[in-house]
Amino acid sequence: MQLVLTFVRSYSGACDPGNQIGLISIDSGDFRQITNDLISHSGITSSADGKTIATLLQQSSSEVGFYDPTGGTLLSTSRLSRRAEKLVWLDEDRSLAYDPWIATLRRNNGEVADVKLMFPSTVHEHRFWSSTSSNTTPAGCPNSQLLLTGSIDGVDQLYPVDSHGQFVRTILKTRGDAVFCDHDNKLAYYSDADSKDPSIWSVPLAGGASRKLMSIPNVAPIVYSIDGKNAAYVLDDAGSSKATIISIEQRKVVKELSLANHVKGTLPHFTPDGHALAFVEEQKQG
């Protein structure tokens, strides 16, 4: 089991090539660099089956490379019609480039299709949010739907669109941050950081009443384990950092962990099995 990440390394007397891709073994902690070229990589994401890594090639921010897990083989490339800032995986075959627009990319042939969000004729204006600071990114959901949060005719809403960009329904009228889809239980999780009681909520993807799960600090971006059983956030206070682990099923804090030298502003990530939390620390090295 491995984590894929981007890192930067300076070379004495030579041009810094920028971000490269590496792998860290969860079991041994061994680090292995898997790209070594003059192209800076960013917006990295891996498919659920772990067989493909997608990354923005930052020479132009308009090209995506698909690599095998070793990083030694470039499987295909996709040329985007405009600059993108972020990537996220939608399903086994497609990833998304987005911010401030959306496009799907197929990993087997590099095919690119812009996703034009389509709403009922009664909708006059819309926009979706994608922000690192608020931890809001599109979430892949069952039936190849994409969960978005944004404004429709001036009203904040949480809503899915299908794989063609067609608006499906409004799930809730709220500004939802940290959105996540639980595929097994067909639930959407979101945090409501703008309320007087910031909390994690769940709501059926088919629509229905929302359910408050946990209160959280209003400055804490939320991350979820792949299976949707746990959530976590990190608080940095006067140089001291603490990770709080929440059981979604039990609706309570199950563990608090001190993080040494946590790089402020970076998000932690659950390991694929959900049994550990990976984070970035910085001393002489990262």
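Lys212 and Asp197 join their side chains in a salt bridge, with N and O 2.3 Å apart. This is a predicted model. Lys212 sits in strand β19, residues 211-215. Asp197 sits in the loop between β17 (187-192) and β18 (199-204), so the pair ties together parts that are 15 residues apart in sequence. How exposed are the two partners? Lys212 is partly exposed, at 30% relative accessibility. Asp197 is partly exposed too, at 33%.

Why can such pairs form? Side chains of opposite charge can pair when their charged atoms come close. The structure holds 3 salt bridges.

Another one joins Lys242 to Glu256, and here the closest N and O atoms are 3.7 Å apart. Lys242 belongs to strand β22 (residues 240-247), and Glu256 belongs to strand β23 (residues 252-259). The two residues are 14 apart, and the pair links distant parts of the chain. Lys242 has a relative accessible area of 36%, so it counts as partly exposed. Glu256 is partly exposed as well, at 49%.

Next comes Arg175. Its salt bridge partner is Asp177, and their closest N and O atoms lie 3.3 Å apart. Is Asp177 buried or exposed? Its relative accessibility is 10%, and buried means under 20%, so Asp177 counts as buried.

Now step back to the whole chain. The protein chain has 25 strands and 0 helices. Of its 286 residues, 46% count as buried. Take the contacts between residues at least 6 apart in sequence: 34% of them join residues at least 24 apart. The accessible surface comes to about 14700 Å², and carbon and sulfur atoms account for 48% of that area.

Definitions and conventions: Residues numbered from 1 in each chain as written. Predicted model: local features only at pLDDT ≥ 70, side-chain atom pairs only at ≥ 80, totals over all residues. Heavy atoms only, no water. Helix = DSSP H or I, 4+ residues; strand = E, 2+ residues; numbered from the N terminus. Buried < 20%, exposed > 50% of the residue type's maximum accessible area, 1.4 Å probe, protein only. Contact = heavy atoms within 4.5 Å. Areas by Shrake-Rupley, 256 points an atom, 1.4 Å probe, with all protein chains shown as cover. Salt bridge = Lys/Arg side-chain N within 4 Å of Asp/Glu carboxyl O.
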